[in-house]
Amino acid sequence: MEVRDVEIGFMIKLARGERVMETLLAFCEKRGIKSGVFNAIGAVKNTEIGYYNLEKREYFFKKIAEEREVASMTGNIAEVEGKPLIHAHAVLSAMDDTLSCVGAHIKEAEVAVTLEVFLTPFALPLARAYDEATGLKLLQL
Amino acid sequence: MEVRDVEIGFMIKLARGERVMETLLAFCEKRGIKSGVFNAIGAVKNTEIGYYNLEKREYFFKKIAEEREVASMTGNIAEVEGKPLIHAHAVLSAMDDTLSCVGAHIKEAEVAVTLEVFLTPFALPLARAYDEATGLKLLQL
Amino acid sequence: MEVRDVEIGFMIKLARGERVMETLLAFCEKRGIKSGVFNAIGAVKNTEIGYYNLEKREYFFKKIAEEREVASMTGNIAEVEGKPLIHAHAVLSAMDDTLSCVGAHIKEAEVAVTLEVFLTPFALPLARAYDEATGLKLLQL
């Protein structure tokens, strides 16, 4: 991981093999970042991707082992019980001539080749808290 | 809808059942926001999604009733005849094991579970005006 | 191309027929922009889209002649040997009732109807340099 401070945030380059969420969270903890937003492009592999099934009140995740382009990734950072948590969605495209896409919530992924992240931190912390109605940790604004 | 002021804009949480464009436009009108950009992640249902057919000079929209993940949403705000108008595109993914994506212009959608929006307003207004050549209201910069 | 200065960057409208990367790079050179990030929505045609095959150490590109919605586009700007280079990924959706998506790295595309770009420049330059391990020009942070 390499980082450069820019005016309204950080350009971050994650290296091949780094775990995306784990590495970004470690960066947030080190820098005292409690809230913010980011986007990213690059490629990932061993991705855990899925969605929240409101009826069953549980996440469905599947593992995509092969490398996929990160055609888009959008995320935010907020605290749960004093620790930063990342909520990120992405669209991943197949590295074959179909270039077909899957998309959803990203639990974790490993960088393939590179991942270029632009992260804007906020000065004030944001928090998530358990919401009885949905079973999710929702933003508390 | 809940809102938190952050350095360069607003974190906004839309609640289950709220209409995305209607609610964001009402927020813009209330706060005097005449221009800006935003992105969002979450889930929606009853989505009117489509594209502009330049040859026929009309929009094609279809309604997707079932819940879909908002894998990405990118939009901007500009005024038409003194009132804010949102132009937003999104990629929606199926909540099944395919996680397959559709994407296009979003006319309206209803929040399913939650929608987390990061909106950056601009101080100066931007305007859209009718363009004879395309039949669309294009940005006037 | 039309441009408006806003607080943290530029709103840019590319016109029908303009080449996206060529036009944005010319803008960056004219304004002395050596680094930054951007996103865009609109529609494109004659798109060269593909991915980097790490094993073969070469890009695979295909040409999509017909018009596609730009459901999302995310990119950044950094210098290679003193000249700005754009790295951009996008999700493009079909202008038919499937609204199906392809996504990947965009080499070049021609604007169909309009493309609305929000670009945030950085004051400090960023650089890319050839990386022996991957064969790619990676960000040097």
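Across the interface of chain B and chain A there is one salt bridge, a term that stands for a side-chain nitrogen of Lys or Arg within 4 Å of a carboxyl oxygen of Asp or Glu. The partners are A:Arg128 and B:Glu116, whose closest N and O atoms are 2.9 Å apart. This is a predicted model, in which local features need pLDDT of at least 70 and side-chain atom pairs count only at pLDDT 80 or more, while totals for chains, interfaces and linings use all residues. Residues are numbered from 1 along each chain as its sequence is written, chains are lettered from A and ligands numbered from 1 in the order in which they are written, and side-chain values use heavy atoms, with hydrogens and water left out.

**Chain B against chain A**

The contact, meaning heavy atoms within 4.5 Å, takes 32 residues from chain B and 37 residues from chain A. The area buried between these two chains, which is the accessible area (1.4 Å probe) that two parts lose on being put together, summed over both, is about 2700 Å², and carbon and sulfur atoms give 68% of it. B:Arg4, B:Ile41 and B:Leu99 supply 22% of the area that chain B buries against chain A, more than any other three residues.

**Chain A against chain C**

Here 31 residues of chain A are in contact with 37 residues of chain C, and the buried area is about 2700 Å², of which carbon and sulfur atoms give 68%. On the chain A side, A:Arg4, A:Ile41 and A:Leu99 supply 22% of the area buried against chain C, more than any other three residues. The rule finds one salt bridge across this interface as well, and A:Glu116 forms it with C:Arg128, the closest N and O atoms being 2.9 Å apart.

**Salt bridges within the chains**

Over all chains, the structure holds 30 salt bridges. The table lists three pairs that each lie within one chain.

| Pair | Closest N and O atoms |
|---|---|
| B:Glu79 and B:Lys34 | 3.7 Å |
| C:Arg68 and C:Glu66 | 3.3 Å |

Each side chain can also be described by its relative accessible area, with buried meaning under 20%, exposed over 50% and partly exposed in between (1.4 Å probe, protein chains only). In the pair from chain C, C:Arg68 is buried because its relative accessible area is 13%, whereas C:Glu66, at 45%, is partly exposed. Salt bridges that share partners join A:Arg19, A:Glu22 and A:Glu108 into one network. A:Arg19 counts as partly exposed because its relative accessibility is 39%, and A:Glu22 is likewise partly exposed, at 48%.

In the pair from chain B, B:Glu79 is buried, with a relative accessible area of 14%, while B:Lys34 is partly exposed, with 39%.

**A buried charge without a salt bridge**

A:Glu69 is buried yet has no salt bridge, and the nearest side chain of opposite charge (Lys and Arg count as positive and Asp and Glu as negative; His and the chain ends are not counted) is A:Arg16, which is 10.0 Å away. Leaving aside neighbours within four places in sequence, A:Glu69 is in contact with residues of two chains, among them A:Gly42, A:Val91 and A:Met95 as well as C:Tyr51, C:His89 and C:His105.
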